[in-house]
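The entries follow in the order of the look-ups.

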Amino acid sequence: MTASTPPLPDAAPAPLVDPFGRTVSYLRVSVTDRCDFRCVYCMAEDMSFLPKAEVLTLEELDRLATAFVRLGTRKIRLTGGEPLVRRNIMDLIRALGRHVRSGALEELTLTTNGSMLFKYAGPLVEAGVRRINVSLDTLDPHKFQAITRWGRFDKVMGGLEAAAGAGLEIKVNCVALKGVNDDEHSRMVAWCGERGFDLTFIEVMPMGDLGEDVSRLDQYLPLSAVRADLAKQWTLEESDYRTGGPARYVTVRETGRRVGFITPLTHNFCESCNRVRLTCTGTLFMCLGQEDAADLRTVLRTSDDDAVLERAVRDAIARKPKGHDFIIDRRRATASPRHMSVTGG
Ligand code: SAM
Ligand code: SF4
């Protein structure tokens, strides 16, 4: 795999359209299930990770992602686990950058916990990445330690500085956690505003088993409450900015920055869904909240013919469901048994 691999041919095949008329143009790829943090809402402390043989190689990930680009994917987001802890990950990012340079891909981006940005901010820009999402749930180093278990606050702060210095646009993702960071949301708006970062609050989702000590029902804080609280201190102006995903945005008049609210537990975004998710084992999930999936690893490993691979992708998209059924209640506190780090957040 090299960054000089030839660009795609001119004659583009028909785009991916699902049975509900939605064009699928956004691929999220979890490049590893491993992580250097153990965030309480995402992982148990003693996680067991996938054996290497099950995980797609960087070459396989490139081949698969490139098939999606040929089929009209315009945006790729790398996620995980922590994408930047995967060995030689820059080889994949540089290789995918060729699709940005050719114009086939509008955006190549990633979601990261920020721990490795001090090292990779510059190389990411060189590879064609322009914007990144960085997860940061608190500005308090002690709370940061409690939430991430293994994270180093100063390293993430240094990473954010390096990323901004390298010219990356930054959006901070903050999971709203009841009784943990609810007193900090307004400060977060100010802090991001001062640095020119956008900010998105995320409602905690019922994914994966976190161990008995962590109850998701206790963490759940509806974003309607977050928004109402922010509105007491900030002028939130409605924005029609949309990404096809579950986020709704406002512009904060005082800072001029966007603040988003991702409320995946409500159904109101499924009709505009433009995305699918690929795990690091080559399993394609057509919906974050549904179990149906397509095994693309077997196709990748049994045939070198990209036409066969493209057909498998089209067959999967033909099964994309209309929507999800997350519910947080006492009977079903875990709506999906998959960890977010497997499907990619
Ligand atoms: N490790 C990277 C990071 O933390 O940004 C990328 C992967 S992480 C799974 C992607 C996003 O999912 C992060 O913003 C994280 O806060 C969020 N996330 C993880 N588990 C979640 C959950 N149960 N509910 C809501 N968001 C979650
Ligand atoms: Fe790792 Fe991201 Fe999950 Fe935290 S949210 S444990 S940083 S994958």
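Entry 1. A polar backbone atom of Tyr-41 is 3.1 Å from a nitrogen atom of the ligand, and a polar backbone atom of Thr-112 is 3.2 Å from an oxygen atom of ligand 1. I also noted the cover: of the 540 Å² of accessible area (Shrake-Rupley method, 1.4 Å probe) that ligand 1 has on its own, the protein covers 95%.

Entry 2. On conventions, I note that the model is predicted, with local features requiring pLDDT of at least 70 and side-chain atom pairs pLDDT 80 or more, while totals for chains, interfaces and linings use all residues. Residues are numbered from 1 along each chain as written, chains are lettered from A and ligands numbered from 1 in the order written, and side-chain values use heavy atoms, without hydrogens and water.

Entry 3. Which residues come nearest to ligand 1? Among the 19 residues around the ligand (a heavy atom within 4 Å), I found these to be Tyr-41, Gly-81, Ser-135, Val-175 and Met-205. Strands E3 (107-112), E5 (169-176) and E6 (198-203) each supply at least two residues of this shell; strands here are DSSP runs of E, at least two residues long, and helices are runs of H or I of at least four.

Entry 4. I then listed the residues around ligand 2: Cys-35, Phe-37, Cys-39, Cys-42, Met-43, Gly-81 and Asn-113.

Entry 5. I examined helix H2 (residues 89-102) against helix H3 (residues 117-127): their axes, lines fitted to C-alpha atoms over the stretch in contact, are 8 Å apart at an angle of about 30 degrees. H2 is therefore roughly parallel to H3, a term for angles under 35 degrees. The contact (heavy atoms within 4.5 Å) includes Met-90 and Ile-93 of H2 and Tyr-120 and Leu-124 of H3.

Notes: Polar contact = N/O pair within 3.5 Å; in protein donor to acceptor, adjacent residues only side chain to side chain. Axes fitted to C-alpha atoms, helices over the stretch in contact; angles between N-to-C directions. Parallel < 35°, antiparallel > 145°, perpendicular 65-115°, else oblique.
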